[in-house]
Amino acid sequence: MRLMTASKTLATAALALALTACAGTTRVHQSTSLQADAAWAIAPLANHSETPLAGEKARGMLVTSLAREGIASPRIVPRKTPVNPLAINDDVDQQEALSWAQQHGVRYLVTGAVEEWHYKAGLDGEPAVGMTLQVVDVSSGNLLWSGSGARGGWGFSTLSGEANDLLDDLVDDIALAQ
């Protein structure tokens, strides 16, 4: 009897542990296939997390994720104002990025936000990351694609590794015409 109870407890604990490392991504909207060989740019990502410069860190990783999908040499939209690591950068940064992209012949602008970027409190300190990305048609300002996701890792995982995996999952979900 004790052996059965111990087995059930062990199975329940294993299931709970497996669920804590789950990831989820959701594609919200895609109107058409996007051209991988068009001019792409990446706007500053808003930082809604409590971690300073999380948006800047994610934007650096996003360049690699886009290149992995065949979007060669996306341009980085420069900031007009210095980065305030505690600010939530939303509408002003996005409008400035859209204006910059229009002036520089960019077709698609990647925008978004980092919602979560930290190690959870506790003995294992598992990484947790959450992000939203959007692709905007620069000429019209219309939203062409939007996706969001979150990942949590095991105690031996790194935050940057989980962030890279999440960005790869999100970018992989963009339908590209080659």
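This briefing describes the fold, strand pairing, nonpolar cores and one loop glycine of the structure above.

The model is predicted, and its secondary structure amounts to four helices and nine strands. Read from the N terminus, these elements follow the order α-β-β-β-β-α-β-α-β-β-β-α-β. The protein has 178 residues, of which 40% count as buried.

- Among contacts between residues at least 6 apart in sequence, 69% join residues that lie at least 24 apart.
- The accessible surface of the protein comes to about 9500 Å², and carbon and sulfur atoms account for 56% of this surface.

**Strand pairing around strand 6**

- Strand 6, which spans residues 108-119, pairs with strand 3 (residues 40-42) in the parallel sense over three bridges, and within this pairing L109 of strand 6 is the bridge partner of A41.
- Strand 4, made up of residues 46-47, also pairs with strand 6 in the parallel sense, here over two bridges, and A46 has A113 in strand 6 as its bridge partner.
- With strand 7 (residues 127-137), strand 6 pairs in the antiparallel sense over eleven bridges, and W117 stands opposite V129 of strand 7.

**Nonpolar cores**

- The largest nonpolar core holds 30 residues, and the members that touch the most other members are W40, W117, M131 and L133.
- Strand 3, helix 2 (54-68), strand 6, strand 7, strand 8 (143-152) and helix 4 (159-172) each supply at least two residues of this core, with helix 4 giving the most, namely six residues.
- When residues up to four places away in sequence are not counted, L133 touches L45, L62, V110, T111, G112, W145, S146, G147, L167, L170 and V171.

**G125 in the loop between strands 6 and 7**

- G125 is found in the loop that lies between strand 6 and strand 7, the two strands that pair in the antiparallel sense.
- This glycine has a relative accessible area of 16%, and because buried means under 20%, G125 counts as buried.
- Leaving aside neighbours within four places in sequence, G125 is in contact with Y119 and K120.
- The C-alpha atom of G125 is separated by 8.5 Å from that of F156, although the two residues are 31 residues apart along the chain.

Technical notes: Residues are numbered from 1 along each chain as its sequence is written. This is a predicted model: local features need pLDDT of at least 70, side-chain atom pairs count only at pLDDT 80 or more; totals for chains, interfaces and linings use all residues. Side-chain values use heavy atoms; hydrogens and water are left out. Two strands pair if DSSP finds at least two bridges between them. A nonpolar core is a set of buried Ala, Val, Leu, Ile, Met, Phe, Trp, Tyr and Cys residues joined through side-chain atoms within 4.5 Å. Buried means under 20% relative accessible area, exposed over 50%, partly exposed in between (1.4 Å probe, protein chains only). Contact means heavy atoms within 4.5 Å. Accessible areas come from the Shrake-Rupley method with a 1.4 Å probe; for residues, only the protein chains shown count as cover.
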